[in-house]
Amino acid sequence: MTDIQLQELEVSNFRSIKGMVRAPLDAKVILVHGENGAGKTSLLSAIEMALTGRIVSLGRADPQYQKQLLHRSAERGHIDLCTLGLPGGNHFHSVLTMAGVEPGEKLPAGPASFFSERCYLPQSLLGQLLQIYQDSDSAPNSPLSRFVNELLGLNRLDAIETGLLPAADIRNLRKTTDRYGQVEYEKTRLERTLSEHRGARDAAAKIIAEALGDLNLALAQLELLTPIDETRLDLIEEAISQSPEDAQLNDLADQRRQVLAVQQEAVRNVSTVSQQNETSLSEAHGKANSDLQGWQREFENVFSQLRDRVTKILPDAVLPQADPEAMRLDALKLLRARNVQLNERAVRAAQDTKRESEVAAELIVAGKHLTTIDGEIGRIAANSGNLAAALAELSSFVSNDHCPVCDRDFAEKGQGPLTEHLNHKVRSLSGSAQRLLGLSTNRAEQQVLVERLEREATELKSRLLEPKALADLERESADVDALVVELDQRQNVAREGSRLAAVETATRRALAGHQSADLARTATMATLTELTETLGQAAPELIATPQSAIVQLLDALDQRTAALNMRVSARRTAKDALRRIRAEVAKRESAEKLINGDTSTYSEVESALSKANGIRADAQKIRAEVEVVRSRIIVREFNERLNRLWRDLFVRLAPNEPFVPAFKIPSESTHRLNPKLITTHRSGGAGGTPGAMLSAGNLNTAALTLFIALHLSVSPQLPWLILDDPVQSMDDVHIAHFAALLRTLSKGQKRQVIVAVHDRQLFEYLRLELSPAFAGDSLLSLELSRGPKQDTRCLPDRRSFKEETALRSAA
């Protein structure tokens, strides 16, 4: 970058330059001198016009400035600039016409902006520079923002943030990426389709479950394998396809005809007298049985409930079933014994509760006594000394010659019992030892009392019934009392039941004795018994009449027929359920296939959306990190680099000025740059704006040093520094420091410096101060002049470094 140089400039009829001027620029320092109006500013602005195709300072004053660039005495002009070391072209040419400027080759946009804002300081801009930067905001195209990007390297961060901006809002992301919205729509469509398919599958599964319920119910009625699920349908399909009930129904019809035939034969064979006697006995038994059943219908449930209530309270009780009065008497005996037990438990619980309260009160009293004794011991111990109190306290723990402190057997010393030795020590240490020992003994007794009461309280607490258990005890006692009263009230009913049961037993025995003596009836009953066995029924009772046995057989046949008809109906239900299951299984499998296909697609879509959202989340995270990094860089660089450099330059040119200009940057983290120009006092504390705190000369110094600081703060794209009359309103001290600064910039910072001044003495002073000081250093001075009717002339004077030999010879 240091090899880049301005070489030569040729200007014709440009602004105040009349005619053609050729100015060499191939030196480290170029000083331009001329009276006001001689063309110094025109010469320097011609360099900007050739390099960038514009003049920024004139554009701020007049947007139509290009029409005024051609000298009014000419019809055409030009600007030719030659440089050295630039990538690409090093020849820049612009043509001036009355219509404006026809620029040719120029610098790219980046270097062109750098030249206009960081390399060239026009005379008109010197007084406006502070205001321009003070009025700048953080807009992307403001001069300050462009400088910040160059200074801090934020271009890449801005590019990242701009590129990731759509990721901040999902709506912008949909607009930016059409495929994202399509995938979202596809996901919604698949969710709706999957919901429909799952609904169809669930409906089929519900119907299958209902049909399986019907099928298993029918199979249970058919006494086949149960339960069955849809995977075992083939096992029962053959079983339910058969119909063995038809043959069994036919057999039952034949058996019914046989029973009816036996009934007719029995009627013919039974004698009238025998029938009448048997009828009388049967009627007597029937009446006794009817009376007993009437009593049972009215009171059996009552006594059954009483029996259940008794057994609930006394699970181990065994009560008679057939004799109500015997059951009642046994229950009363057991319940009264239980009631005695419950009352004893209640009384004991009350006594324990009362004793627990007494023990609690005694514990409180004993605790207070202990507290009083401890206080007395503490006072005696305080008066008698710490050691006496400690020994007195230990006496309550000594029960033998084994020391409770050091675990040593005191009997080994042969000085008597440990207790006497301890008491002797206590008496020798304090006159109150006897009182202390008495208190310690009393305290030990109280401690024993407290421990006994605590054990008793623990035992009472373990015995005390919980409120729920006590309530259950009271409830059970009330239930027992209620049962005893109710059983006493049922005395007459129980006795009547026992009497009716005895009458029914006597009539049944009489009827059985008469029937065993009737031969015809015996033969009929034998036949009926055979038919009963054929049907798989229990044989008729000995006291049963042929008619009653026949009625029972007919009832059994009817029940068997009804059961077979129910099986036939269950078989039809099973077949229908099996058909429905197979149909719905097919529907469900079809839905499952559709669900599996859509689920696979949905997974791909969801995965794509998940990846997209992950990328979006990463983008948002990167964008947030970009903002944090930018904020950190802005705060650090402005506070640590720019302000420090500006301060160093300003203090160097104005060493006596107490207020120093600076940019005020927010101390908190921010990604929005909105700096303000302020001043700070060298001894600390803040001041006002530079315009309010600095003199006119120091304002120009502040603007000049700000421009140089901005130039030095970034990597130089162009190592040129062009200043148009920068020493306005400067005194001699400022000028001397300014000359030293220019020497540092030229020789230390490797900048090609061009300075234009109109004061002759200042020009000569700078030419002396900036003279070449080492090999390769050079100084070129250009003097511009112009007469009233003459063309502008440029007289160059080149000075190179020459080693001094005269002084060496003299030495």
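Helices (DSSP runs of H or I, at least four residues) and strands (E, at least two) are numbered from the N terminus. This is a predicted model, where local features need pLDDT of at least 70, side-chain atom pairs count only at pLDDT 80 or more, and totals for chains, interfaces and linings use all residues. Residues are numbered from 1 along each chain as its sequence is written, and side-chain values use heavy atoms, leaving out hydrogens and water.

Q: What makes Asp724 part of a strand?
A: Asp724 belongs to strand 10, the run of residues 720–724.

Q: Why is Glu584 called buried?
A: Buried means under 20% relative accessible area, exposed over 50%, and partly exposed in between (1.4 Å probe, protein chains only). Glu584 has 11%, so Glu584 counts as buried.

Q: Why is Lys587 called exposed?
A: Its relative accessible area is 52%, so Lys587 counts as exposed.

Q: What makes Glu584 and Lys587 a salt bridge?
A: A salt bridge needs a side-chain nitrogen of Lys or Arg within 4 Å of a carboxyl oxygen of Asp or Glu. In this pair the closest N and O atoms are 3.5 Å apart. Both residues lie in helix 20 (residues 546–653), 3 residues apart, about one turn of the helix.

Q: Why are helix 22 and helix 23 called roughly parallel?
A: Angles under 35 degrees count as roughly parallel, over 145 as roughly antiparallel, 65 to 115 as roughly perpendicular and the rest as oblique. The axes of helix 22 (residues 696–713) and helix 23 (residues 732–748) cross at roughly 10°, and therefore the two helices are roughly parallel.

Key
Axes are lines fitted to C-alpha atoms, for helices over the stretch in contact, and angles run from 0 to 180 degrees between N-to-C directions.
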